[in-house]
Amino acid sequence: MTRKELREAIDTLTPDRETKREMFLAIEEKASKPALVRWPKFRRAAVVALAVLLLAVAVPGGIRFVIQARDSIAMGGSDVKSEEADIVSACQKEAVAADVNTEEVFSAENIDVADELKTAEYDDGEFQIVEIEGVEDLDALIHLLPEEASIIESEGTFRKYKVGEEIWEIRIERGNTRLIRPLNQ
Amino acid sequence: MNIEEIYLRHVDTIYRLCHIYLKNPEDAKDATQSTFEKLLVRKEPFESVEHEKAWLIVCASNLCKNMLKHWYRSKRTDVEEMAALPAKETPNDETLALLYELDDELRRLVYLVYYEGYRINEIARMDGINESTLRSRLARAREQLKLIMEEEQ
């Protein structure tokens, strides 16, 4: 194949006047349309991105609402139960307030921090428990440990501390973080 | 930037390049249109006519490569099915048919060097490829063209 033959062959690919005109008209037509019309793919991408954004905002909120509703039902749907719970809670608070050791641990400053984190506080007769709902973080209650606390055991979901003669635990259970310490008798 | 002037200056080059890449006039038309549409959104002015032409060549080449990838993925057909279809519109020219047997990149290189008169160093700068790589590609293209011709004779 000679260079001349190659050139002649490629010459046959040159578009004719009509093709050129047709292509130019198509380009002009697209140029005259606004950007969103000119690039429907872009528009589609924008719509999809917006939908994803809305879902990301709306769905977790929706899930949170369902969880809260379920928890409130589980904790007792009636007002009577709620009142009973308030009374029990008040009694527990009084008992806790009377406890000298508790005062050391739950100083005013610490209680403020704990309140900000939506903590629940109760005892089961044997252990005193401080719980943060919906937080899975072993460090979330670490500020409640006294200074002399030293870590003696650690796993993915719990840590044990030696505090004087007592063993305290911070544990993640059912999506909540709990500080468990023996109740002083 | 006057689109019409630029279009008239380079439409032949770009259309031929697209045709050589895509091997059919309809796809070549689409690719040519898309190339000039890209020009519409370009804000910066060109330094020279040569710069303008080089930009369009690179843009058209990239579009054609994308189209080929897309074509390969979405319209891949078995050889048996192809045989059953009526023959597509292909140039009768034997030389062109031989050219079409080269790889995509080699076809483009042959076109730019032997038809558009570009030098290897200019294409290397345009594509950001080593000159020696292009030289060896061109040698391979020449060799392939020659080999194909020998086989067919």
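**Close-ups of a predicted two-chain model**

View 1. B:Val58 sits in helix H3 of chain B, residues 49–74. Helices here are DSSP runs of H or I with at least four residues, strands are runs of E with at least two, and both are numbered from the N terminus. This is a predicted model, in which local features need pLDDT of at least 70 and side-chain atom pairs count only at pLDDT 80 or more, while totals for chains, interfaces and linings use all residues. Residues are numbered from 1 along each chain as its sequence is written, and chains are lettered from A and ligands numbered from 1 in the order in which they are written. So is B:Val58 buried, exposed or partly exposed? It has 14 C-beta neighbours inside 10 Å, so B:Val58 counts as partly exposed. (Buried takes 20 or more other C-beta atoms within 10 Å of the residue's own, exposed takes 12 or fewer, and partly exposed is in between, with C-beta atoms placed from the backbone.) Look for B:Ile123 too: B:Val58 and B:Ile123 are 65 residues apart in sequence, yet their C-alpha atoms are 9.7 Å apart in space.

View 2. H1 of chain B covers residues 3–22. Its 20 residues would reach 28 Å as a straight helix at 1.5 Å a residue, but the end C-alpha atoms are only 24 Å apart; the expected span is 1.5 Å times one less than the number of residues. Check B:His10, where a kink of about 55 degrees is centred. (The bend at a residue is the angle between axes fitted to the seven residues ending there and the seven starting there.) B:His10 is also one of the buried residues of H1(B), and others among them are B:Tyr7, B:Val11, B:Ile14 and B:Tyr15. The buried set also includes B:Leu17, B:Cys18, B:Ile20 and B:Leu22. Just past the helix, B:Lys23 takes a positive phi of about 65 degrees.

**View 3. What H1(B) packs against.** H1(B) packs on helix H2 of chain B, residues 25–41, at about 140 degrees with the axes 8 Å apart. That makes the two helices oblique. Axes are lines fitted to C-alpha atoms, for helices over the stretch in contact, and angles run from 0 to 180 degrees between N-to-C directions. Under 35 degrees counts as roughly parallel, over 145 as roughly antiparallel, 65 to 115 as roughly perpendicular, and the rest as oblique. With helix H6 of chain B, residues 104–115, the angle is about 150 degrees and the axes are 9 Å apart. H1(B) and H6(B) are therefore roughly antiparallel. H1(B) passes H2(B) in a right-handed crossing, and H1(B) passes H6(B) in a right-handed crossing as well. (Right-handed: the near helix is turned clockwise from the far one by less than a right angle; left-handed: anticlockwise.)

**View 4. Strand E6(A) and its two neighbours.** Five of the seven residues of E6(A) are buried, so the strand is largely enclosed by the rest of the structure. Strand E2 (residues 127–132) runs antiparallel to E6(A), joined by six bridges; strands pair if DSSP finds at least two bridges between them. E5(A) pairs with E6(A), residues 176–182, over five bridges, again antiparallel. A:Arg178 is the bridge partner of A:Glu131, and A:Arg171 stands opposite A:Arg178 too. Further along E6(A), A:Ile180 faces A:Glu169, and A:Thr177 is the bridge partner of A:Ile172.

**View 5. Two hairpins in chain A.** E4 (residues 158–163) and E5 (residues 166–173) pair in the antiparallel sense over six bridges, with A:Lys162 opposite A:Ile167. Two residues lie between these strands, and A:Gly164 takes a positive phi near 60 degrees. The hairpin of E5(A) and E6(A) has two residues between its strands, and there A:Arg174 takes a positive phi near 50 degrees.
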